[in-house]
Amino acid sequence: MTWLRLALANLRAAPLTSLVNAALLALGTASIVLLLLIGEQFSSTLARDARSIDLVVGAKGSPVQLVLSSVYHADVPTGNIVKADADRWAADPRVAHAVPLSLGDSYRGFRIVGTTTDYPALYAAQLASGRFWEAPMEAVAGAAAAREAGLVQDRRFAGAHGLVDGGHEHAGQPYRIVGVLQPTGTVLDRLILTSLDSVWNLHGEHESAHDNHEHDHDQNPEDEHDHGEAHEHDHADAHDDARENTSMLIRYASPLAATTLPRQINTESQLQAAAPAFEVTRLLNLVGLGLDGLRAFAGVLILTAGFSVFAALYGALKARRYDLAMLRCLGATRTELLWSLLLEGLMLAALGAVLGLALGHGTMELIGRWLAASRGVSATGWVWLPTESWLLLGLLVIGVLAAALPAWQAYRADVARTLAG
Amino acid sequence: MTVLQIDNLGFSYGQRTVLRLDTLTLNEGDTCAVIGPSGCGKTTLLHLIAGLLQPAQGSVAVCGQRLDALDASARDRFRGHHLGIVFQRLHLLPALDVLENLLLAQRLARVSPDAKDARRLLDALGVGEFARARPAQLSQGQAQRVAIARALVHRPALLLADEPTSSLDDDNAERAIDLLQDQARAVGAALLVVTHDRRIRGWLAREVQLEPPA
């Protein structure tokens with residue numbers, strides 16, 4: 001207690017030096033904490049979006065692109081696939097669920113996804129209001145899309161061709177919102193979902209290859225909106241077979257499927273199969289290089305702070321050698337002096353660490369709120385990562401190391417010679 | 001009770017003998033001045049009594065305990081508990097206020113901190129109003145009184161003072177010696193003043209003349 005109080009008094013006696021050193025440590029710590037939190041939340045967001053998706057089947061091309069476009073809705077699709085080709089794999093016994101996706105249109109930057117109700121089920125999404133689509137041109141909006149694009153119940157809107165704003169509008173055939181989803185904290189929040197028919201209808205119009213589809217499907221929409229059972233349909237229906245989707249999301253029946261199914265799809269068909277978990281890891285490794293660089297920079301910042309603490313303690317030692325000698329005269333042992341100086345380094349480091357952790361988490365929380373408000377991405381500063389405990393420990397070690405040499409000199413000092421000199 | 005017992009004491013740096021003192025005994029309540037010119041080993045004597053140096057020959061015992069028989073940590077603790085030292089340069093800790101300086105001295109002496117007692121002592125020395133002041137805010141005279149209070153606050157058996165009058169005029173020098181005597185007596189400590197200041201002659205009960213060793 002005595003030494004704690006004395007160390008505190010000594011730090012307070014040089015408030016500017018102490019604060020600058022604590023601030024240096026805090027800035028380095030905050031940078032590292034922020035990078036850790038961002039990295040962690042980024043990868044956990046990616047993992048959350050791909051949670052129930054073992055495999056994506058789509059057109060040949062870049063597997064990362066396929067995953068980005070079909071799982072994260074962040075890139076353009078690799079191309080289209082013929083529905084019948086995909087259905088062949090959907091029927092495979094190794095596949096538990098297969099969810100078809102048909103992409104291509106958007107509304108005010110929010111992608112319109114033609115799919116089945118199995119898709120929101122992948123994310124355990126619940127309706128906040130309304131119902132799921134039952135007829136073509138009925139749509140359900142994700143929570144963020146609904147809020148930001150004003151897609152309230154019964155709102156009609158025209159999809160635009162293309163995945164970014166400004167494409168040609170399908171003005172003649174507007175969608176109608178029949179339901180809005182509750183927030184899921186996933187990519188789903190930023191999508192507008194509709195039936196596959198809706199997308200086929202619109203694009204059939206343009207391509208004029210399937211003039212009579214619209215008519216057909218209007219007659220029996222019930223048949224069409226559940227493509228989980230599509231393979232049971234009469235495959236003699238040439239139109240059905242020739243229709244195209246963008247991709248298909250697959251959930252394995254058993255983990256063993258991972259060893260055979262992707263390879264088989266890639267070699268035996270014109271399709272491409274990509275595993276999100278694998279592609280995301282690859283992607284994160286690339287991004288990780290950049291994060292590592294930033295982390296190293298923050299580490300340098302902390303080391304600089306460590307040296308600054310060292311310089312401050314070491315510089316103060318000369319001025320304080322009489323004080324230290326006097327402490328010995330008052331009854332302090334060498335070991336106690338050693339500890340008292342280590343304690344000063346430790347307290348500075350602890351102060352810097354606490355400030356840095358608070359700053360890092362606070363900043364992350366602010367970023368999280370901004371992201372939630374502007375992007376509908378959920379991120380928070382109020383999480384504690386296991387790595388942070390190590391960071392804290394490392395900082396305390398740096399504090400002790402910075403004080404080690406001054407402490408050792410105080411330990412070694414010859415009191416009689418100091419007082420005589 | 002014998003507070004200080006010095007026998008046949010000698011100290012040298014290499015071949016050079018810097019101190020010789022055959023015998024000196026101080027009992028409880030004794031006051032004594034060790035007077036000698038520069039270079040006669042006064043500071044060395046003080047350091048030997050405080051256990052900061054170990055005798056090359058002879059012995060120093062404080063309260064019956066030979067300091068060189070103790071290990072380093074025990075010696076530090078023994079010094080803190082049994083001795084009070086007022087150096088010429090006072091070395092009050094600048095980061096602590098006056099009262100905290102006294103409380104720290106009590107803790108390091110391994111007596112339980114007693115703020116009331118510390119304040120009483122400061123009052124007795126006429127610096128009670130500065131209890132919460134920083135050492136840097138005190139005049140030289142006030143700081144010396146605080147240093148005396150700090151050396152006595154744990155009620156040591158022996159108070160050592162190194163050149164307490166060297167920077168003072170005649171009136172203040174006599175007052176400083178009186179203060180040391182009175183306060184040492186008040187806590188029951190023996191007093192040993194080490195000085196080259198010849199004005200001190202006759203002010204303390206006993207005097208020892210220290211000569212440079214041949």
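How far apart do the end C-alpha atoms of residues 20–38 of chain A lie, and what percentage of the span is helix? The ends of this span lie 27 Å apart, and the span is 100% helix and 0% strand. The model is predicted: local features need pLDDT of at least 70, side-chain atom pairs count only at pLDDT 80 or more, and totals for chains, interfaces and linings use all residues. Residues are numbered from 1 along each chain as its sequence is written, chains are lettered from A and ligands numbered from 1 in the order in which they are written, and side-chain values use heavy atoms, with hydrogens and water left out.

Annotated regions come next. UniProt, in an unreviewed entry, gives the annotation "transmembrane region" to residues 20–38, 296–317, 337–359 and 390–408 of chain A. UniProt positions follow the numbering used here, feature names are shortened, and annotations may be inferred rather than shown by experiment. Residues 390–408 of chain A are 100% helix and 0% strand, with end C-alpha atoms 26 Å apart. Helices (H or I, at least four residues) and strands (E, at least two) are DSSP runs, numbered from the N terminus. In chain B, an unreviewed UniProt entry places "domain: ABC transporter" at residues 4–208. Over residues 4–208 of chain B, the chain is 35% helix and 26% strand. The end C-alpha atoms of this stretch are 14 Å apart.

Salt bridges were searched for throughout the structure. Side chains of opposite charge can pair when their charged atoms come close. A salt bridge is a side-chain nitrogen of Lys or Arg within 4 Å of a carboxyl oxygen of Asp or Glu. The search finds 27 of these salt bridges over all chains. In chain A, the side chains of A:Arg295 and A:Asp292 form one, at 3.8 Å from N to O. Both residues lie in helix H12 (residues 276–329) of chain A. A:Arg295 and A:Asp292 are three residues apart, about one turn of the helix. A:Arg295 counts as partly exposed, at 29% relative accessibility. A:Asp292 is also partly exposed, at 42%. Here buried means under 20% relative accessible area, exposed means over 50%, and partly exposed lies in between (1.4 Å probe, protein chains only).

Chain B has salt bridges of its own. B:Arg206 pairs with B:Asp30, and their closest N and O atoms are 3.3 Å apart. B:Arg206 lies in strand S9 (residues 206–209) of chain B, while B:Asp30 lies in the loop between strand S2 (16–27) and strand S3 (31–35) of chain B, so the pair ties together parts that are 176 residues apart in sequence. B:Arg206 is partly exposed, at 31% relative accessibility. B:Arg185 forms a salt bridge with B:Asp182, with the closest N and O atoms 3.6 Å apart. B:Arg185 and B:Asp182 sit about one helical turn apart because they are three residues apart in helix H6 of chain B. B:Arg185 is exposed at 58%, whereas B:Asp182 is partly exposed at 39%. Back in chain A, salt bridges with shared partners link A:Arg131, A:Glu134, A:Glu138, A:Asp154 and A:Arg176 into one network.

Surface patches were also identified. Patches are made of residues with over 30% relative accessible area and no salt bridge; like charges are joined within 9 Å, and nonpolar side chains (Val, Leu, Ile, Met, Phe, Trp, Tyr) within 5 Å. Accessible areas come from the Shrake-Rupley method with a 1.4 Å probe, and for residues only the protein chains shown count as cover. A:Ile38, A:Phe42, A:Leu286 and A:Val287 make a nonpolar surface patch of about 340 Å². Helix H2 (15–49) and H12 of chain A each give two or more residues to the nonpolar patch. A:Val287 lies in helix H12 of chain A, and A:Val287 is partly exposed at 36%.

A patch of negative charge on the surface gathers B:Asp169, B:Asp171, B:Glu174 and B:Asp178. Lys and Arg count as positive and Asp and Glu as negative; His and the chain ends are not counted. The place of a charge is taken as NZ of Lys, CZ of Arg, CG of Asp or CD of Glu. B:Asp171 lies in helix H6 (residues 170–187) of chain B, and B:Asp171 is exposed at 55% relative accessibility.
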